[in-house]
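Reader: I am new to this structure and would like a friendly tour of it. Could we go through it together, one question at a time?

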Amino acid sequence: MLYRARLIVLLGLTLCLSPPPGRGQLTLNPDISVISRFLLSTEDGSRLEEGVRQFSQVDFAFQELEIALQGYLNPYARADLFLTLPGPELEGSSLGVEEVYASLLRGLPLDLTARFGKYRAEFGKINRQHPHMWPFITQPLSQEHFLGEEGLNDLGISLSILLPTGDLYTSLTADILRGGSIGEATGIEDTTDGAPLYANSARLMAFFPVGDDADLELGLSGYTGIHDPYERDRFWYANLDFKYKYRPSTYTALTVQGEYLLNWRTASKDREFTPFLNPAGEAERRSITSSGLYLYLDYQFLRIFSVGGRYDWSQAPYSTEDRAEAGTLFFTYFPVEESLGIRLQYQHTRTESPDGRRGVNFIGLQLLFSLGVHKAHPF
Amino acid sequence: MRFLTLILAALTLWTPARATVRVVTTLTDLADLVGQIGGDRVEVDYIVRGDQNPHFIEVKPSYMMKLKRADLFVMIGMELELWAPQLIDGSRNAQLQVLDLSTAIAEKLEVPTTRVDRSQGDVHRFGNPHYWLDPRNVPAMLEVLLQELIRIAPEDEALFRANRDRYLEELRASVARWESLMKPFAGGKIITFHRSWSYFARWLSLTVVDQVEPKPGIPPSPSHTAALIDLVRTGSIRAIVVEPFYDLSAPERIARETGTTIVRLSTSVGGVDEAVDYRSLMEYNVTTLAGVLRQ
């Protein structure tokens with residue numbers, strides 16, 4: 001009942017903000033959009049423990065509903081609010097705030113821009129994108145393992161500056177984050193009731209036009225914070241990202257994107273909070289270096305179709321022995337711009353740990369729609 | 001004494017270098033018009049190449065850099081450039097002046113009078129924005145542009161006015177010639193791919209019977225293409241006008257089935273090799289279409 005009440009309140013709010021017929025251009029209301037994703041999927045890994053490889057019954061699940069309210073606050077600043085109702089339980093899940101932030105776009109010294117609120121931090125390339133913007137259904141393994149399903153999304157304050165590199169667009173963005181996102185990735189819940197365990201992230205980005213029809217973006221990011229609030233152990237991430245896009249016409253585009261994430265941390269417990277022990281059975285603190293990467297290629301043709309593939313390889317934040325590798329093929333059909341979309345994906349994932357190896361095949365068909373304002377896509 | 005003379009001579013010859021006005025336009029056509037008025041007192045750049053569809057432009061940091069250095073950003077407006085606010089925000093240029101030339105257009109076409117929603121396709125809420133393809137709108141556009149340039153660089157007012165007057169004189173002569181060339185084809189029926197040619201057609205008294213797109217921005221569908229084939233067979237439609245950035249599959253099917261002619265016209269400077277400035281763009285469009293309608 002609670003979620004229904006919230007939905008009714010939200011719909012009421014949306015209707016109040018919606019301009020009356022014929023007066024859309026006269027209102028000062030924010031832009032409103034609604035994006036919803038559904039997933040039909042099956043996989044053959046659920047009975048592997050019994051020695052049976054069999055595709056499960058196709059499940060039709062609700063993935064996510066996202067409601068965005070976006071607009072200018074004044075001539076210098078704008079605000080963005082993204083509310084989400086996560087799946088797969090439509091009845092039981094509750095509406096949450098995925099992002100809410102204000103951006104100061106102009107008027108600051110040195111042409112700085114600033115942002116405060118809860119937001120997906122500028123760490124790597126894909127972290128800033130909401131999942132419906134990905135050309136595939138599933139999150140890259142390295143992002144899921146090291147940043148968590150929700151990515152690096154935290155309360156924070158961000159400052160960004162353009163570096164004096166002439167005609168080349170080079171920006172440096174630094175964030176002070178509350179550190180609340182770390183638990184998403186580590187699985188360690190902070191029950192110390194202590195002060196916030198602040199984290200920091202930063203990204204240096206350069207954008208290179210390559211001829212008339214192609215562009216290349218390169219990024220170098222860092223992220224550090226306390227991953228174990230009890231031992232106050234720290235982690236350090238470094239991330240290299242690139243995106244190359246060749247668009248010879250409105251109808252055709254080739255995108256190649258990849259990221260490599262490197263993790264250093266000291267830890268006395270693993271992800272399950274089990275203490276590390278040396279051969280003598282004594283507790284020990286370990287220094288762990290692990291990494292992960294993804295690389296994808298997406299080819300858009302006839303404007304409404306795209307087809308591509310992705311390769312994933314990732315270790316785990318607390319172990320180099322837990323590894324996963326995946327190959328993914330995906331196909332997308334957007335019949336009318338991005339208002340309605342169908343995405344088909346096949347993924348084979350192999351995981352390897354001290355307990356053994358397993359391979360799982362996943363087939364998914366995603367259905368999505370987008371209602372409201374369609375903003376131009378950032379590169 | 002000789003030293004003093006040299007100093008006086010140097011002071012006489014030296015005049016402080018005047019900064020040029022840095023202008024970025026959304027379309028190449030506007031860049032040409034700005035250059036015609038501003039001459040060497042302006043530096044002009046643009047965002048959308050003539051062979052690109054101005055409705056769908058990706059928000060690139062390199063475009064933001066162009067705006068970061070600009071004094072003035074000139075756009076068509078009427079929501080043609082829905083991507084422009086993101087570029088302006090990303091430019092971090094607090095001094096940037098934005099000029100929407102649609103404010104100069106007295107008679108806008110296809111302004112919705114009822115509620116607009118997505119069931120009507122990508123309909124523009126403020127009306128059809130392709131007004132620059134009627135050269136009779138250019139004087140009003142140049143007047144707004146002139147006032148803005150004078151506001152930014154008042155010391156160059158005389159030059160700007162002289163350039164504007166000279167250009168309009170040349171344009172008027174061209175317009176008279178184009179109208180004369182197209183006069184025999186008044187009332188001629190054409191199909192266009194998108195609703196880009198409404199102002200152009202009104203100017204030359206042509207009738208746009210339908211579009212290849214079933215609704216603005218919606219890709220051609222088999223059923224609509226079949227309906228267009230029937231329409232062309234029964235409606236003495238002489239040409240299908242298609243911009244260089246649109247796919248030819250559906251127009252070619254209609255042309256194959258009906259014998260009508262596809263005409264590649266450009267909405268912007270640089271869309272075809274012949275269109276190196278606004279006047280040559282219109283020259284190319286008018287003479288090419290006249291050539292087809294004459295057949």
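Reader: Hello! What kind of model is this, and from what number are residues counted?
Author: Welcome! This is a predicted model, in which local features need pLDDT of at least 70, side-chain atom pairs count only at pLDDT 80 or more, and totals for chains, interfaces and linings use all residues. Chains are lettered from A and ligands numbered from 1 in the order in which they are written, and along each chain, as its sequence is written, residues are numbered from 1.

Reader: How many helices and strands are there in chain A?
Author: Helices (H or I, at least four residues) and strands (E, at least two) are DSSP runs, numbered from the N terminus. By that count, chain A has three helices and 16 strands.

Reader: What is the radius of gyration of chain A?
Author: The radius of gyration is taken over C-alpha atoms, and the globule rule is 2.2 Å times the number of residues to the power 0.38. For 379 residues that rule gives 21 Å, and the chain comes close to it, so chain A is as compact as a globular protein of that length. The C-alpha trace spans about 75 × 55 × 55 Å along the principal axes of chain A. The radius of gyration of chain A is 22 Å.

Reader: Of the 379 residues of chain A, what percentage count as buried?
Author: A residue is buried if 20 or more other C-beta atoms, placed from the backbone, lie within 10 Å of its own; it is exposed if 12 or fewer do, and partly exposed in between. Of the 379 residues of chain A, the buried ones make up 29%.

Reader: Which residue is the bridge partner of A:Phe38 in S16(A)?
Author: Two strands pair if DSSP finds at least two bridges between them. Strand S1 (residues 31-43) of chain A pairs in the antiparallel sense with strand S2 (residues 59-74) of chain A over 11 bridges, and A:Ser36 has A:Leu65 as its bridge partner in S2(A). S1(A) also pairs in the antiparallel sense with strand S16 (residues 356-372) of chain A, over 11 bridges. There, the partner of A:Phe38 is A:Leu367.

Reader: Which helix gives the most to the side of chain B that touches chain A?
Author: Residues are in contact if their C-beta atoms, placed from the backbone, lie within 7 Å, and this contact takes 27 residues from chain B and 27 residues from chain A. Helix H3 (61-68) and helix H4 (84-91) of chain B each supply at least two residues of chain B's side. With four residues, the one that gives the most is H3(B).

Reader: Where does H3(B) lie, and at about what angle does it run to S2(B)?
Author: An open sheet of four strands in chain B has the order S2-S1-S3-S4, with parallel pairing; its edge strands are strand S2 (42-48) and strand S4 (97-100) of chain B. Axes are lines fitted to C-alpha atoms, for helices over the stretch in contact, and angles run from 0 to 180 degrees between N-to-C directions. H3(B) lies across strand S1 (21-27), S2 and S3 of chain B, and its angle to S2(B) is about 155°.

Reader: Which helix packs on the sheet with S7 and S8 of chain B?
Author: That open sheet has four strands in the order S6-S5-S7-S8 (chain B), again with parallel pairing. Its edge strands are strand S6 (207-211) and strand S8 (261-264) of chain B. Strand S7 (residues 239-242) of chain B is joined to S8(B) by four bridges, and B:Val242 has B:Arg264 as its bridge partner in S8(B). Touching S7 and S8 of chain B, and making about 170° with the direction of S8(B), is helix H10 (residues 278-294) of chain B.

Reader: Is B:Arg195 buried or exposed?
Author: B:Arg195 sits in the loop between strand S5 (189-192) and helix H7 (198-203) of chain B. Leaving out residues up to four places away in sequence, B:Arg195 touches B:Glu110, B:Asn128, B:Gln211 and B:Pro216. Because there are 23 C-beta neighbours inside 10 Å, B:Arg195 counts as buried.

Definitions and conventions
Contact = placed C-beta atoms within 7 Å.
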